Every structure is written in structure tokens, then in C-alpha cells.
Amino acid sequence: MKDFEKEKQDYIAEIAVMTDEELLKHAETLIWLDAFTANNPHAPVHRKIDPLYDECQKRGSEKNIYGRAHRAAERSAGY
């Protein structure tokens, strides 16, 4: 369990230093991948979504990074 916690903390540190534009592109990719692996509840990507959402929210609701990334992921999937 400690490995998961360290992995989470490393990921939080990694995304914290991204620019808004980098975070937006990263979020789009991760949201798409999360949906793509929905049939595998053990996929590592699922553990990254909550910290990603939290970081997007920290950046401010006026930027709406997570919402914009989610819409972009939907569009890339054909929706």
C-alpha cells in the first residue's frame, strides 16, 4: 500500500509544476484513457483521476481545465 501512496504523491508533485496548457493536454489524455480502460477496475490510470481533478480545481473554476479537457476527450472519441 505504501507504494501506491508514494506513487500518488509523486504524481501530485509532477502535475503541480505543469503549466495550465500542459495540464489541459495531460488531463485530456488521462480522461480519455480512464474511459478507455473502464472495463478494467485495476488499471493504474484510475488512481490518477482524483488527484488530477483536485489540481485542476486548485487552478480555479474560471479556467475550467478539467471540464475543457473532458469535452476535448469526448470530441476525440467521436462524441
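Predicted model: local features only at pLDDT ≥ 70, side-chain atom pairs only at ≥ 80, totals over all residues.
Me: Happy with that. Which residues have the most contacts inside the largest nonpolar core?

Reply: The general idea first: in soluble globular proteins, nonpolar side chains tend to be buried together. A nonpolar core here is a set of buried Ala, Val, Leu, Ile, Met, Phe, Trp, Tyr and Cys residues joined through side-chain atoms within 4.5 Å. Buried means under 20% relative accessible area, exposed over 50%, and partly exposed in between (1.4 Å probe, protein chains only). In this structure the largest such core holds 17 residues, and Leu23, Leu30, Ile31, Leu52, Cys56 and Tyr66 have the most contacts inside it.

Me: Which elements give two or more residues to this core?

Reply: They are helix H1 (2–16), helix H2 (20–36), helix H3 (46–58) and helix H4 (65–76). H2 provides the largest share, five residues. Helices (H or I, at least four residues) and strands (E, at least two) are DSSP runs, numbered from the N terminus.

Me: How should I read the packing of H2 and H4?

Reply: Two packed helices are described by the angle between their axes and the distance between the axes. Axes are lines fitted to C-alpha atoms, for helices over the stretch in contact, and angles run from 0 to 180 degrees between N-to-C directions. H2 and H4 pack at about 50°, with axes 8 Å apart, and are therefore oblique to each other. For the cut-offs, angles under 35 degrees count as roughly parallel, over 145 as roughly antiparallel, 65 to 115 as roughly perpendicular and the rest as oblique.

Me: Is that crossing left-handed or right-handed?

Reply: A crossing is left-handed if the near helix is turned anticlockwise from the far one by less than a right angle, and right-handed if clockwise. H2 passes H4 in a right-handed crossing. On the H2 side, the contact includes Leu23, Leu24, Ala27, Ile31 and Trp32, and on the H4 side, Tyr66, Ala69, His70 and Ala73 are among the residues involved. The contact residues divide into ten nonpolar, two polar and three charged. Here Ala, Val, Leu, Ile, Met, Phe, Trp, Tyr, Cys and Pro count as nonpolar, Asp, Glu, Lys and Arg as charged, and the others, Gly among them, as polar.

Me: And how do H1 and H3 cross?

Reply: Their axes come within 10 Å and cross at roughly 35°, again in a right-handed crossing. Phe4, Glu7, Lys8, Tyr11, Ile12, Ile15 and Ala16 of H1 meet Arg47, Lys48, Pro51, Leu52 and Glu55 of H3. That contact divides into seven nonpolar, no polar and five charged residues. Within H1, Ile12 is partly exposed at 27% relative accessible area, and its C-alpha atom is 8.7 Å from that of Lys48, 36 residues away along the chain.

Me: Which residues of H3 are buried?

Reply: The buried residues are Ile49, Pro51, Leu52, Glu55 and Cys56, and what covers them includes H1, H2 and H4. Glu55 counts as buried because its relative accessibility is 9%. Not counting residues up to four places away in sequence, Glu55 touches Ile15, Ala16 and Leu23.

Me: Last one: where is there a positive phi at a residue that is not a glycine?

Reply: Most residues other than glycine have a negative phi, and most peptide bonds are trans. Asn64 has a positive phi of about 50° although it is not a glycine. Asn64 sits in the loop between H3 and H4 and is partly exposed, at 33% relative accessibility. Just after H3, Gly60 also takes a positive phi, of about 110°.

Definitions and conventions. Residues numbered from 1 in each chain as written. Heavy atoms only, no water. Contact = heavy atoms within 4.5 Å.
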